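Colleague: I am new to this structure. Could you show me how to read it, feature by feature?

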Amino acid sequence: MHVIVIPKKPIPSADGITEADEALVGHLFVAMRSIAAQLELTGGYRVTTNCGRDAGQEVMHLHFHMMGGRPMGWPPG
């Protein structure tokens with residue numbers, strides 16, 4: 001399972017989040033918890049975001065990847 005969660009507000013990356021975005025970012029994480037429940041990801045899920053080109057960010061708009069439905073190892077990648 002792979003779901004992308006994107007805020008409507010244009011924020012380029014995690015580095016662009018300000019104190020004014022605190023409620024928005026909190027809302028996104030509450031929404032992801034709800035999405036995980038709807039998708040029955042009871043075994044767990046991973047949330048990631050890339051910040052900057054060196055981290056692999058290709059789309060310059062803040063977004064979160066939710067991945068689940070299978071065991072995941074560490075380190076990721």
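This is a predicted model: local features need pLDDT of at least 70, side-chain atom pairs count only at pLDDT 80 or more; totals for chains, interfaces and linings use all residues.

Colleague: Let us begin with the strands. How many bridges join E2 to E3?

Modeller: Four bridges join them, and the two strands run antiparallel. E1 and E3 also pair in the antiparallel sense, over four bridges. Val3 stands opposite Met66 in E3. Arg46 has Met67 of E3 as its bridge partner.

Colleague: Is E3 enclosed or open?

Modeller: E3 is largely enclosed by the rest of the structure, because four of its five residues are buried.

Colleague: What should I keep in mind about side chains on a strand?

Modeller: In a regular strand, side chains alternate between the two faces of the sheet. Now look at one residue of E1. Val5 is found in that strand, which covers residues 2–5.

Colleague: Is Val5 buried or exposed?

Modeller: Val5 is buried, with a relative accessible area of 8%. The cut-off for buried is under 20%.

Colleague: Which residues does Val5 touch, beyond those up to four places away in sequence?

Modeller: Val5 touches Leu28, Met32, Ile35, His63, Phe64 and Met66. Take Leu28 as an example. Val5 and Leu28 are 23 residues apart along the chain, and their C-alpha atoms are separated by 7.5 Å.

Colleague: Now the rings. How many aromatic pairs does the structure hold?

Modeller: It holds one. Phe29 and Phe64 form this pair, with 5.3 Å centre to centre and 70° between the planes. That geometry is edge-to-face, because planes over 60 degrees apart count as such.

Colleague: Where in the chain do Phe29 and Phe64 lie?

Modeller: Phe29 is in helix H1, residues 22–38, and Phe64 is in strand E3, residues 64–68. They are 35 residues apart, and the pair links distant parts of the chain. Phe64 is buried at 6% relative accessible area, whereas Phe29 is partly exposed at 42%.

Colleague: What about a charged residue inside? Which side chain of opposite charge is nearest to Arg46?

Modeller: That is Glu58, 17 Å away. Arg46 is buried yet has no salt bridge, because a salt bridge needs the atoms within 4 Å. Look for other polar atoms instead. The backbone oxygen of Gly73 lies 3.1 Å from a polar atom of the Arg46 side chain. Arg46 itself lies in strand E2, residues 45–48. Leaving aside neighbours within four places in sequence, its contacts include His65, Met72 and Trp74.

Colleague: Last, the backbone. What is the general idea?

Modeller: Most residues other than glycine have a negative phi, and most peptide bonds are trans. Glu40 has a positive phi of about 55° although it is not a glycine. Glu40 sits in the loop between H1 and E2, and is exposed at 63% relative accessible area.

Colleague: Which peptide bond is cis?

Modeller: The bond from Trp74 to Pro75 is cis, with omega near 0°. Pro75 lies in the segment after E3.

Conventions. Residues are numbered from 1 along each chain as its sequence is written. Side-chain values use heavy atoms; hydrogens and water are left out. Rings of Phe, Tyr and Trp (its six-membered ring) pair if their centres lie within 6.5 Å; planes under 30 degrees apart count as stacked, over 60 as edge-to-face and the rest as tilted. Buried means under 20% relative accessible area, exposed over 50%, partly exposed in between (1.4 Å probe, protein chains only). Contact means heavy atoms within 4.5 Å. Lys and Arg count as positive and Asp and Glu as negative; His and the chain ends are not counted. A polar contact is a pair of N or O atoms within 3.5 Å; within protein, one must be able to donate a hydrogen and the other to accept it, and residues adjacent in sequence count only if both atoms are side-chain atoms. Two strands pair if DSSP finds at least two bridges between them.
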